[in-house]
Amino acid sequence: MATTSQPQHPSRLWRDLSLFDGLTTQPGRCWVKVEDGRIAAMGAMDSLDQAQRADCIDMGSGGVMTPGLIDCHTHLVYGGQRSDEFELRLEGASYEDISRRGGGILGTVQATRDADEAALFTTAATRLGAMIDDGVTSVEIKSGYGLSTDDELKMLRVARRLGRELPVRVSTTLLAAHALPPEYHGNADGYIDLVCNEILPAAHAEGLVDAVDVFCERIAFSREQCLRVFEAARALGLPVKAHAEQLSLSGGASLVAEHHGLSADHIEYLDDAGIAAMAEAGTVGVLLPGAFYTLRETQQPPIDAMRRAGVAMAVASDANPGTSPIMLPTLMLNMACTLLRLTPQEALAGMTAHAATAIGTAGLGRITVGAIADLCVWDVQRPAELAYAVQPGRLRHRVLEGVLTHG
Ligand code: NIG
Ligand code: FE
């Protein structure tokens, strides 16, 4: 006797779509079959036969399908806001000036220490909700505004809870080496001891860390101090990444590459040696046009040289209260083109396939047979339109592991 059991994710057929597969735009109109949370089959429209349609729920047609957007660099969990600092910068103060006077990141550290987990969750969920509505299906979230064991773990617990309670994948990054907390003033090496010997092991033991980040910069930590953090991370088997060459050439990018790190991020001041090291190690260059824009940076990241060297380039929001208070990922596609001169296709690959590499997750960020079915269908005619126009509200459907979560 035949039994009928309802599959957890029934087959769905998406058809008559323009398709950006994570790396390139497919010619003509396409169909994609989703089954059990994965891409089961796909092809050009003229290859779709009745048999292939028969067992599927037809999801309708038209528009552009892309992999779900992956924002591979955010600081979404934080207390307070920094519009006062925005006003100071409008009056002529630089980000570095403000930081040296004890503002900047340390202002957010105080507000984050003062907030409890419930309050941090509520404000971060609102910000993340806006990003989900703009097509994000995976997001990386960093700590780095706690700078003590309890407060760093608090931030990471909130990040994990966001991943459990919102329809989005969250990967967590410990960024305890983000700034020197006031209680360690004049003792940066002592703080790095705390990061390596206490904060990192405690966060790892609680399962809160997917990767480890550092801020390698003259207003943050030296190459040698970052090296110590990387060695501690590698000893625990954790991948590394860095905020590198954002305000000056500090050598953080080549340090990440030497540790086969996931990514070097910002990289406005990246030099040829750093590019060569990243190309050899397969380290992704993460471009953060929101921070470039907010700080009115004039030093362009070396896009052409990275292209020539074959360094994969990701694009991310850097969503944070200081340098990029911008929670609109599709705006980053536009800024990556307008400000940094990526092509729309490069920008889209930067928030899909290459962003997946930057968070170390295979099987995401592509529309290929076997890939995880995290997908967006947009009310636009061509993939390039997503980068060309700045227009929220174009997301028609959003699919997380085969399950419709929007539209
Ligand atoms: O990615 N550069 C360092 N960290 C963040 C900014 C954090 C802040 O200003 O609050 C960034 O730009
Ligand atoms: Fe950042």
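**View 1. Four protein donors surround the iron ion (ligand 2).** They are His-73 (NE2), His-75 (NE2), His-243 (NE2) and Asp-318 (OD). Each lies 2.1 to 2.2 Å from the iron ion. This model is predicted, as are the views that follow. Along the chain, the donors follow the spacing H-x1-H-x167-H-x74-D. His-73 counts as buried because its relative accessibility is 0%, under the 20% cut-off. His-75 has 2% relative accessibility, so this residue is buried too. The donor His-243 sits in strand S10 and is also buried.

**View 2. Strand S10 is covered on both faces.** Val-240, Ala-242 and Ala-244 lie on one side. Lys-241 and His-243 lie on the other.

**View 3. S10 pairs with S9 and with S11.** Strand S9 covers residues 211-216 and pairs with S10 in the parallel sense. Their pairing runs over 5 bridges. Phe-215 has His-243 in S10 as its bridge partner. S9, helix H8 (residues 223-235) and S10 form a β-α-β unit, and this unit is right-handed. Strand S11 (residues 263-266) also pairs with S10 in the parallel sense, over 4 bridges. Here Ala-244 is placed opposite His-266 in S11. From S10, the chain passes through helix H9 (residues 252-258) to reach S11. That β-α-β crossover is right-handed.

**View 4. Eight parallel strands make an open sheet.** Their order is S6-S7-S8-S9-S10-S11-S12-S13. Strand S6 (69-71) lies at one edge and strand S13 (313-315) at the other. Each of these edge strands pairs on one side only. From one strand to the next, the twist averages 25 degrees. Helix H6 (residues 149-165) packs on the sheet. H6 touches strand S7 (136-142) and strand S8 (169-177). The direction of H6 makes about 170 degrees with that of S8.

View 5. Gly-285 has Met-313 in S13 as its bridge partner.

**View 6. Helices H6 and H7 pack together.** Two packed helices are described by the angle between their axes and the distance between the axes. For H6 and H7 (residues 188-205), the angle is about 35 degrees. Their axes are 10 Å apart. The crossing of H6 past H7 is right-handed. On the H6 side, the residues in contact are Thr-149, Glu-152, Leu-153 and Leu-156. They meet Leu-194, Glu-198, Ile-199, Ala-202 and Ala-203 in H7.

**View 7. Ala-93 sits in a loop between two helices.** The loop lies between helix H2 (83-90) and helix H3 (95-100). Ala-93 counts as buried because its relative accessibility is 14%, under the 20% cut-off. Leaving aside neighbours within four places in sequence, Ala-93 is in contact with Leu-88, Ile-98 and Arg-101. Ala-119 is 26 residues from Ala-93 along the chain. The C-alpha atoms of these two alanines are separated by 31 Å.

Conventions:
Residues numbered from 1 in each chain as written. Chains lettered and ligands numbered in written order. Predicted model: local features only at pLDDT ≥ 70, side-chain atom pairs only at ≥ 80, totals over all residues. Heavy atoms only, no water. Pairing = 2+ DSSP bridges. Axes fitted to C-alpha atoms, helices over the stretch in contact; angles between N-to-C directions. Contact = heavy atoms within 4.5 Å. Donors = N, O, S within 2.8 Å, 3.2 Å for Na, K, Ca; no water. Buried < 20%, exposed > 50% of the residue type's maximum accessible area, 1.4 Å probe, protein only. Right-handed = clockwise from strand over helix to strand, strands pointing away. Left-handed = near helix turned anticlockwise from the far one by under 90°.
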